[in-house]
Amino acid sequence: MARKLIMAIVQDQDAGRVIDALVSRHHGATRINTHGGFLRRGNATILVGVEEEDVDLVIETIDQSCVARTETDNGVAVGAGTVFVLGVNDFVRL
Ligand code: 2BA
């Protein structure tokens, strides 16, 4: 079975909920605190290694925990999340 790495950039205020939802469904997840290049605000990049068959479920779980918002300062719309799905060559736990 092929493995994938889901890399999801979500808003800072949603990241804790995303991690809770993933961990409660027994998905391993790592949060990295990041910054958006455009707004230069803090956001979070969440890494989730999954079997290919679980990709849609994990994206749905992330989506359910996030909200699209408009920045009140400048009126910029920030989406609920930006998700990349990457192929994984090897997965080794040491
Ligand atoms: P930021 O780069 O801080 O972008 C925040 C929001 O600003 C974006 O929301 C988008 O609505 C707007 N925006 C970004 N670049 C723009 C530009 N050149 N001109 C006008 N408006 C612009 P989202 O698209 O929902 O993106 C949210 C965050 O996701 C981004 O924060 C960035 O951290 C990440 N992201 C989005 N697209 C990406 C990509 N192609 N590669 C890597 N990271 C990405």
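Start your tour at L39: select its backbone, and you will find a polar atom there 2.9 Å from an oxygen atom of the ligand. Keep in mind as you look around that this is a predicted model.

Next, pick N43, where a polar side-chain atom sits 3.0 Å from an oxygen atom of the ligand. Then move on to T82, which places a polar side-chain atom 3.3 Å from an oxygen atom of the ligand. Now show the ligand's surface: on its own it has 750 Å² of accessible area, and the protein covers 50% of that.

To see the whole shell, select I9, G36, G37, F38, L39, N43, V76, A77, V78, G79, T82 and F84. How many of the shell residues are nonpolar, polar and charged? Seven are nonpolar, five are polar and none is charged.

Leave the ligand and turn to the aromatic rings. Searching the whole structure for aromatic pairs gives zero. Select R3 and F91 together, though: R3 lies over the face of F91, 4.0 Å from the ring centre.

Two loop stops remain. In the loop between α1 (12–24) and β2 (30–35), click on H26. This residue is not a glycine, yet its phi is positive, at about 65°. H26 is exposed, with a relative accessible area of 74%.

Finally, go to R40 in the loop between β2 and β3 (42–51). R40 also has a positive phi, about 60°, without being a glycine. Is R40 buried or exposed? R40 is exposed, and its relative accessible area is 65%.

Key
Residues are numbered from 1 along each chain as its sequence is written. This is a predicted model: local features need pLDDT of at least 70, side-chain atom pairs count only at pLDDT 80 or more; totals for chains, interfaces and linings use all residues. Side-chain values use heavy atoms; hydrogens and water are left out. A residue is near a molecule or strand if one of its heavy atoms lies within 4 Å of it. A polar contact is a pair of N or O atoms within 3.5 Å; within protein, one must be able to donate a hydrogen and the other to accept it, and residues adjacent in sequence count only if both atoms are side-chain atoms. Accessible areas come from the Shrake-Rupley method with a 1.4 Å probe; for residues, only the protein chains shown count as cover. Ala, Val, Leu, Ile, Met, Phe, Trp, Tyr, Cys and Pro count as nonpolar, Asp, Glu, Lys and Arg as charged, and the others, Gly among them, as polar. Rings of Phe, Tyr and Trp (its six-membered ring) pair if their centres lie within 6.5 Å; planes under 30 degrees apart count as stacked, over 60 as edge-to-face and the rest as tilted. A charge sits over a ring if NZ of Lys or CZ of Arg is within 6 Å of the ring centre and within 35 degrees of the ring normal. Helices (H or I, at least four residues) and strands (E, at least two) are DSSP runs, numbered from the N terminus. Buried means under 20% relative accessible area, exposed over 50%, partly exposed in between (1.4 Å probe, protein chains only).
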